[in-house]
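Hi,

Here is the structure I promised to pass on. Have a look at it first, and my notes follow below.

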Amino acid sequence: MHSLGILGVGELTEKVVIGLRRSGYTGAILLSPRNAERARVLSSEHGCQVLESNQAVVDAAETLLLGVRPAALAELAAQVQLRPGQGLLSLVAGVSLEQLAKAFPGAQCVRVMLSYAAQYNQSTVVVCPADALTEQALGSLGELVVVADEAAFELATVAACMNGWFYYLLHDLQHWLSDKGLPADQARALVLGNLQDCLASARRQPGSSLQALGDAIATPGTFTADGLAVLMHQPVSATWGAACEVVLDGLLTRSRLGD
Ligand SMILES: NC(=O)c1ccc[n+]([C@@H]2O[C@H](COP(=O)([O-])OP(=O)(O)OC[C@H]3O[C@@H](n4cnc5c(N)ncnc54)[C@H](OP(=O)(O)O)[C@@H]3O)[C@@H](O)[C@H]2O)c1
């Protein structure tokens with residue numbers, strides 16, 4: 001990829017730009033002009049160029065990254081005309097390939113989902129459909145997961161929301177420790193450290209189910225098992241499941257609205 005054009009300079013695309021530069025990408029990054037202050041900072045600190053219009057970005061860039069919110073999509077689409085076959089990597093949640101093809105006729109559309117960890121090259125990078133150019137362009141932002149179809153992509157979007165929810169769970173656990181008297185920084189280090197221990201073990205044992213890994217720790221008579229018995233009697237997982245269902249319903253409703 002020689003040049004990347006960003007249509008919609010927001011929270012997420014800012015992290016993508018930072019991650020690309022951190023990974024050593026030296027090609028041109030061309031920014032749409034709205035959100036001028038953020039674009040100015042990216043331009044001065046991360047070697048980007050702010051162009052005068054969205055169409056100027058489309059004309060100058062080889063590949064485009066779409067980072068507006070769903071509600072802004074129609075307005076943006078009316079402002080630009082892409083070249084036939086021009087790559088358009090869409091971060092817009094709940095907007096299907098069919099809807100993108102209608103909004104940007106002739107473009108080669110790919111859906112991508114990632115998180116703010118892209119700025120540290122540690123994001124999960126979900127791609128649909130498989131596309132070598134997208135995988136090459138954004139693979140440096142973290143771990144690629146190429147899903148089979150859009151139904152799987154909507155589920156991956158629910159998983160991306162889990163990323164945000166985990167912070168609240170971790171916050172509660174940190175505060176339980178600090179309310180009991182542990183300094184806040186130590187409480188934070190312990191919660192994050194024990195989560196990291198869990199992730200490290202789980203990643204190195206892909207053949208074991210997550211439940212089996214838990215069962216191996218929470219053996220009868222352990223303190224872990226005593227606490228787990230309480231967790232299993234309270235509907236925590238049901239609450240998380242309900243949150244997932246709400247998000248999935250919203251995504252599927254949005255992608256059907258454009259049919
Ligand atoms: N944030 C996340 O964690 C996350 C995760 C996964 C996917 N996504 C998806 O990523 C997209 C962006 O999310 P975000 O949180 O980064 O949103 P955001 O911070 O609101 O950024 C969107 C940007 O698009 C700009 N914009 C709106 N209309 C435009 C137009 N016609 N031309 C050029 N720029 C325009 C906005 O400018 P103004 O400020 O001037 O309106 C804003 O700077 C969404 O579609 C969301 O579904 C986000």
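What percentage of the 259 residues of the protein count as buried? The figure is 37%, where buried means under 20% relative accessible area with a 1.4 Å probe, protein chains only.

Before the rest, a few ground rules. This is a predicted model, so local features need pLDDT of at least 70 and side-chain atom pairs count only at pLDDT 80 or more, while totals for chains, interfaces and linings use all residues. Residues are numbered from 1 along each chain as its sequence is written, and side-chain values use heavy atoms, with hydrogens and water left out.

On the fold: the protein has 11 helices and 8 strands, taken as DSSP runs (H or I, at least four residues, for helices; E, at least two, for strands). Its C-alpha atoms fill a box of roughly 65 × 40 × 30 Å along the principal axes.

Now the ligand. There are 23 residues around it, and Val9, Leu12, Asn35, Val68 and Arg69 come nearest (near means a heavy atom within 4 Å).

- Asn35 has a side-chain N or O atom 2.7 Å from a ligand oxygen.
- Asn54 places a polar side-chain atom 3.0 Å from a ligand nitrogen.
- Gln79 has a side-chain N or O atom 3.2 Å from a ligand nitrogen.

The protein covers 79% of the 890 Å² of accessible area that the ligand has on its own (Shrake-Rupley, 1.4 Å probe). Helix H1 (11–22) and helix H4 (73–79) each give two or more residues to the shell, and H4 supplies the largest share, 3 residues.

Cheers

Note on methods: Buried < 20%, exposed > 50% of the residue type's maximum accessible area, 1.4 Å probe, protein only. Polar contact = N/O pair within 3.5 Å; in protein donor to acceptor, adjacent residues only side chain to side chain.
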